[in-house]
Amino acid sequence: ATEKYDKSRVCVNAHVEEILVSDGRASGVKLSDGTIIKATKAVVSNADPFITKKLLAGARKAGLTDDKFNEYMDKLTNTDGDSGGIPNLKSFIHIHAGIDATGLPPVPSADFPAQWAVVRTWEAEEGVESPRNIVLCSMPSLIDPTLAPEGKHVLHAYVPATEPYEWWENLDRKSDEYLKKKEEAADFLWSAIEEYVPNARERAVPGTVQIGTPLTHERFLRRTSGAYGPRVEAGKQQLPGHTTPLDGLLLCGDFTFPGIGVPATAASGAITANNLLSVQQHWRMLDKIKLPERK
């Protein structure tokens, strides 16, 4: 979709190491292999503000960013509620798997749903936000059979931002301790799946089971502490917008308005793109997407 436009391309395996600043504006990015990509209009960061701040550390140290912008980034990365910051959400544990569907109902129903939630107790101290208390499960191939080979189903289960990063922090991913914790996490998630899918773990297709932890999110998706957005309380705090005090630098993603989740994050990207367009370009787009005539 992106590359259908002239001069647009997606660069894979292109790890951004630094956001470059010159003449008081974001002027491009430097990749880990030394490649420099110059920005003619803007640099848009979908990384969380902690990562974005690190990418700008060189420019800040060199005095290329002013006090107003530095204070802005310091505020975005303040998670101390007592000093006006917003704590991050907790992290996640996930399991993805393919299973043998032999003997299972072919269509979803109240007794065999395509999506369900398991709450262990309503009396927990933090309610549904308590660690390992609620699990959300889905089996999308029950609705769309093309998502799995014939006779198979795909499954996903996860805790919705309730896994403390502190439980995993500083663990060596190759250590026995870490592997044991992954298996414990998987057992917890399998137990929720098996509320509706009998013997689900015995049905698992070899080689398809993938377990994600906070360290997985941190390593592969560049999420600080494995978190996806700040824990904003309605009426008390608000998410930042997409422009910044540094000319040419815009932010999008789940740490910006309108917040966490795929639809909200996609909307933040659309809003950011709109910020880059001129009024005339907006008018031309409105002409193109004319509203249907009233009947």
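Analyst: Two rings of Phe, Tyr or Trp (for Trp, the six-membered ring) make a pair if their centres lie within 6.5 Å; planes under 30 degrees apart count as stacked, over 60 as edge-to-face and the rest as tilted. With that rule, Phe92, Tyr158 and Tyr228 form one aromatic cluster, and the count of aromatic pairs comes to five.

Analyst: Some ground rules: this is a predicted model, with pLDDT of at least 70 needed for local features and 80 or more for side-chain atom pairs, while totals for chains, interfaces and linings use all residues. Numbering starts from 1 along each chain as its sequence is written, and side-chain values use heavy atoms, leaving out hydrogens and water.

User: What makes the pair of phenylalanine 92 and tyrosine 158 tilted?

Analyst: Their ring centres are 6.2 Å apart, within the limit, and the planes meet at 35 degrees, so the pair is tilted. It links distant parts of the chain, with phenylalanine 92 in the loop between α3 and β5 and tyrosine 158 in strand β8 (residues 152-158), 66 residues apart.

User: What kind of pair do tryptophan 168 and tyrosine 178 make, and why?

Analyst: Edge-to-face, because the planes stand at 80 degrees, with the centres 5.7 Å apart. Tryptophan 168 is in the loop between β8 and α4 (176-193), and tyrosine 178 is ten residues away in helix α4. Tryptophan 168 is at 0% relative accessibility, so it counts as buried; tyrosine 178, at 4%, is buried too.

User: Why is serine 91 called buried?

Analyst: Its relative accessible area is 1%, so it is buried. Serine 91 lies in the loop between α3 (67-76) and β5 (94-100). Leaving aside neighbours within four places in sequence, its contacts (heavy atoms within 4.5 Å) include Val159, Glu163, Pro214 and Ser225.

User: How do you know that arginine 25 and aspartate 247 form a salt bridge?

Analyst: The term asks for a side-chain nitrogen of Lys or Arg within 4 Å of a carboxyl oxygen of Asp or Glu, and here the closest N and O atoms are 2.7 Å apart, so the pair qualifies. Arginine 25 is in strand β2 (residues 25-31) and aspartate 247 in the loop between α6 (214-220) and β10 (249-251), so the bridge ties together parts 222 residues apart in sequence. Both ends count as partly exposed: arginine 25 at 23%, aspartate 247 at 46%.

User: How many salt bridges does the count come to by this rule?

Analyst: Twelve. Among them is the one between arginine 60 and aspartate 74, at 2.9 Å from N to O. That pair joins helix α2 (residues 57-61) to helix α3, 14 residues apart. Arginine 60 is partly exposed at 33%, as is aspartate 74 at 30%.

User: What links aspartate 254 and arginine 223?

Analyst: A salt bridge, at 2.7 Å from N to O. Aspartate 254 is in the loop between β10 and α7 (262-276) and arginine 223 in the loop between α6 and β10, 31 residues apart. Aspartate 254 is buried, and so is arginine 223.

User: Which ring does arginine 223 lie over?

Analyst: That of tyrosine 228, at 4.3 Å from the ring centre. The rule wants NZ of Lys or CZ of Arg within 6 Å of the ring centre and within 35 degrees of the ring normal. Arginine 132 also has its charged end over a ring, that of phenylalanine 188, 5.7 Å from its centre.

Conventions: Helix = DSSP H or I, 4+ residues; strand = E, 2+ residues; numbered from the N terminus. Buried < 20%, exposed > 50% of the residue type's maximum accessible area, 1.4 Å probe, protein only.
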